[in-house]
Amino acid sequence: MSSKQFAYTQVGDKKTASLNSQKVGAAIQTIDDWYEGGYKPLRIHEYGADKQILVAHRTPKTHSDFYSLLPRIALHIKHMEKHGLEQSEESNAIHFIAAVLIKGGLFQRSKG
């Protein structure tokens, strides 16, 4: 039996906690600590959504969201070719863009 909160399986006469595919996928995607002030890894999201505290850490205002970074991908690639992936704001952007693209999904901006 599985639910959003808890998944378990029956082993003999006892219930045993288990991880369903959604929980494993969420754990694998919890890697975004490249945002400014990255105090904890977030699940990959175009706007760096922290659903626990209802905050977007990557906003169009700061130009750190996926949709602001993607049009500058050629500049990021040139920087990477010249400097590699040493710790920098550019390499953080490259890692974030790659993670969002690997995660996949429908990339649609809202109208407004």
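**Rings and charges, checked against the cut-offs**

Mentor: Let's start with Glu 46, found in the loop between strand 4 and strand 5. Helices and strands here are DSSP runs, numbered from the N terminus (helices are H or I with at least four residues, strands are E with at least two). This is a predicted model, where local features need pLDDT of at least 70 and side-chain atom pairs count only at pLDDT 80 or more, while totals for chains, interfaces and linings use all residues. Residues are numbered from 1 along each chain as its sequence is written, and side-chain values use heavy atoms, leaving out hydrogens and water.

Trainee: Why does Glu 46 count as buried?

Mentor: Buried means under 20% relative accessible area, exposed means over 50%, and partly exposed is in between (1.4 Å probe, protein chains only). Glu 46 comes in at 8%, so it counts as buried.

Trainee: And what makes Lys 103 and Glu 46 a salt bridge?

Mentor: The rule asks for a side-chain nitrogen of Lys or Arg within 4 Å of a carboxyl oxygen of Asp or Glu. For Lys 103 and Glu 46 the N to O distance is 3.5 Å, and that makes a salt bridge. The two partners are 57 residues apart, with Lys 103 in helix 4 (residues 89-103) and Glu 46 in the loop between strand 4 and strand 5. At 29% relative accessibility, Lys 103 is partly exposed.

Trainee: Why is the link between the side chains of Glu 46 and Lys 103 also called a polar contact?

Mentor: A polar contact is a pair of N or O atoms within 3.5 Å; within protein, one must be able to donate a hydrogen and the other to accept it, and residues adjacent in sequence count only if both atoms are side-chain atoms. The contact joining the side chains of Glu 46 and Lys 103 is given as 3.5 Å.

Trainee: How many salt bridges does the rule give?

Mentor: Three. Another of them joins Asp 32 and Arg 58, at 3.0 Å from N to O. Asp 32 belongs to strand 3 (residues 30-32), and Arg 58 to the loop between strand 6 (55-56) and helix 2 (66-69), 26 residues away. Both residues are buried.

Trainee: What does the charged end of Arg 58 sit over?

Mentor: The ring of Phe 96, at 3.5 Å from its centre. The label needs NZ of Lys or CZ of Arg within 6 Å of the ring centre and within 35 degrees of the ring normal.

Trainee: How do you know that Asp 50 forms a salt bridge with Lys 40?

Mentor: Their closest N and O atoms are 3.1 Å apart. Asp 50 is in strand 5 (residues 49-50) and Lys 40 in the loop between strand 3 and strand 4 (42-43), so parts ten residues apart in sequence are tied together. Asp 50, at 3% relative accessibility, is buried.

Trainee: On to the rings: how many aromatic pairs are there?

Mentor: A search of the whole structure gives three. One is Tyr 35 with Tyr 39, edge-to-face at 6.3 Å centre to centre and 85 degrees between the planes. Another is Phe 66 with Tyr 67, also edge-to-face, at 5.4 Å and 80 degrees.

Trainee: What makes a pair edge-to-face?

Mentor: Rings of Phe, Tyr and Trp (its six-membered ring) pair if their centres lie within 6.5 Å; planes under 30 degrees apart are stacked, over 60 edge-to-face, and the rest tilted.
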